[in-house]
Amino acid sequence: STQSTWDLNGLIRNALSISKDSLHIITPLSKPPQIYQTLFTTSFIVAVKPENLPSDSHGISILVEHLLEVITSTTNTTTSKTTEESPRSKAALCSGLLANKLARESLPTYIELIKSRIVPILRSPSHNIATRTNSLNSLQWIVKGLVMRGEHAFAVELCDTIVEVISTTEEDTTIKTIASESLGHILSNNEKMSKSTHANIKFLWDQRFFSHYLPVLLNLESTNTNPDVRMYAFCASSHLIKNCREDILTHHTDKLVPALMQMLRQQSRQYQEDVTDTSRTPYIESTLRTIQRLLTAAPKILPSQLSVLIEPTLVMCSYRHSMTAREIALNIIESITKLEYSEIKPYKEIVIQQLGNVMDDNKRTIRRLATTTRHKWYMLSDK
């Protein structure tokens, strides 16, 4: 209607005329001030119909600059944790929606703004953790928006910055952890950017992203000489695998399974040599989680891997530094009982014996799971 058009034009004018200084007043209130409501509402509207922006006002640049002011503001960044309802998180989501919906001719300008404002913060340890975390969260949404619409070149150009964070030797471990998780978030299903929100979604976008970055991360894990870099690179690949569709994973099992089994054996041996070492806990959890994910996606690979899988997994059932690791290991051992008895009969005695030790675990959940799993193995027979 004429009235709604007038209201929309007024809303857009208000958003574009917001003072940058006023965007630095990030309040801890659950409901953002009116200034943020105006900015975010306008961003959502423009993301749906970019043509609503006046063509002669450099509207896209102004709107994105305002969003980046909110994201990169250093006001009230005493904590690295940001809730989904905070102004910074909403600004990050709006940035991703714009990346997904803007006309292609507007993208180069948009990408240059991101490269000039977000990327330098990520690359500079001089900024505090909270500001860098907010920038990383925003970049994650932007890459997701780009890769979903099929803009692979733009997405890779920005996402390589995340990999760079993981591969930097002197980088803070908190930032490395968030960076490794963010690659998985890019592949994950999120209703805020999906068919239900009319996002631009290119066919097989996730397969292209996965096929590009999995080899990059595995190569970084296998060739880098720094143990921490190798660990976080593998954690990142684990998060990719966790959020990847099963039909995509099945095309990569031939390369993944041998490498994973070698890692598991190595981690099991290192733990037995020094049971007090906690530094490799994220590595161990990621390895077990990835193996579990692969066995779910491609169960046919399990029989051929029993000889190299069972012994180190049993060791991890008693890994005392992580309940998560023990639980995943027990779930893997339990899943083996679904195979033909003739295939797992040689391992029955050692599994029952080793799980007996786990039944004294100090966590009730683990004791219960160990008891259930041991009983299933005990009841196995060829009858």
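A salt bridge is a side-chain nitrogen of Lys or Arg within 4 Å of a carboxyl oxygen of Asp or Glu. By this rule the count comes to ten salt bridges, and some of them are stops on this tour.

The model is predicted, so to speak of local features a pLDDT of at least 70 is needed, and side-chain atom pairs count only at pLDDT 80 or more, while totals for chains, interfaces and linings use all residues. Residues are numbered from 1 along each chain as its sequence is written, and side-chain values use heavy atoms, with hydrogens and water left out.

**Whole chain**

Start with the protein chain in cartoon view. Its secondary structure comes to 19 helices and zero strands; helices (H or I, at least four residues) and strands (E, at least two) are DSSP runs, numbered from the N terminus. Of the 383 residues, 51% count as buried. Buried means under 20% relative accessible area, exposed over 50%, and partly exposed in between (1.4 Å probe, protein chains only). Contact means heavy atoms within 4.5 Å. Among contacts between residues at least 6 apart in sequence, 74% join residues at least 24 apart.

**Stop 1**

Select Glu157 and Lys115. Their side chains meet in a salt bridge, 2.6 Å from N to O. Glu157 lies in helix 8 (residues 152-167) and Lys115 in helix 5 (residues 107-117), so the pair ties together parts that are 42 residues apart in sequence. Glu157 counts as partly exposed at 36% relative accessibility, and Lys115 counts as partly exposed at 29%.

Next select Arg123 and Glu164. The closest N and O atoms of this salt bridge are 3.2 Å apart. Arg123 is in helix 6 (residues 119-123) and Glu164 in helix 8, 41 residues apart, which links distant parts of the chain. Glu164 is partly exposed, at 32% relative accessibility.

**Stop 2: Pro125**

Select Pro125, in the loop between helix 6 and helix 7 (129-148). Is Pro125 buried or exposed? Its relative accessibility is 66%, and it counts as exposed.

**Stop 3**

Select Leu204, in the loop between helix 9 (173-187) and helix 10. Leu204 has a positive phi of about 60° although it is not a glycine. Most residues other than glycine have a negative phi. Leu204 is partly exposed, with a relative accessible area of 32%.

Move on to Phe210, in helix 10. Phe210 is buried, with a relative accessible area of 0%. Which residues does Phe210 touch, leaving aside its neighbours within four places in sequence? They are Leu187, Pro215, Leu240, Ile241, Cys244, Ile248, Leu249 and His252.

**Stop 4: helix 13**

Select residues 253-273, which make up helix 13. The expected span of a helix is 1.5 Å times one less than its number of residues. For the 21 residues of helix 13 this gives 30 Å, and the end C-alpha atoms are 30 Å apart, which agrees. Its buried residues include Leu256, Leu260, Leu264 and Tyr271. The buried residues of helix 13 pack against helix 10 (205-223), helix 11 (227-242), helix 12 (246-249), helix 14 (281-297) and helix 15.

**Stop 5: helices 15 and 16**

Select helix 15 (residues 302-316) and helix 16 (residues 323-335): their axes come within 10 Å and cross at roughly 145°. Axes are lines fitted to C-alpha atoms, for helices over the stretch in contact, and angles run from 0 to 180 degrees between N-to-C directions. The residues in contact include Leu309 and Thr313 of helix 15, and Arg326 and Ile333 of helix 16. By class, this contact has nine nonpolar, two polar and one charged residues. Ala, Val, Leu, Ile, Met, Phe, Trp, Tyr, Cys and Pro count as nonpolar, Asp, Glu, Lys and Arg as charged, and the others, Gly among them, as polar.

**Stop 6: Glu334 and Lys376**

Finish with Glu334 and Lys376, whose side chains meet in a salt bridge of 2.4 Å, N to O. Glu334 is in helix 16 and Lys376 in helix 19 (residues 364-378), 42 residues apart. Glu334 is buried, with a relative accessible area of 14%, whereas Lys376 counts as partly exposed at 36%.
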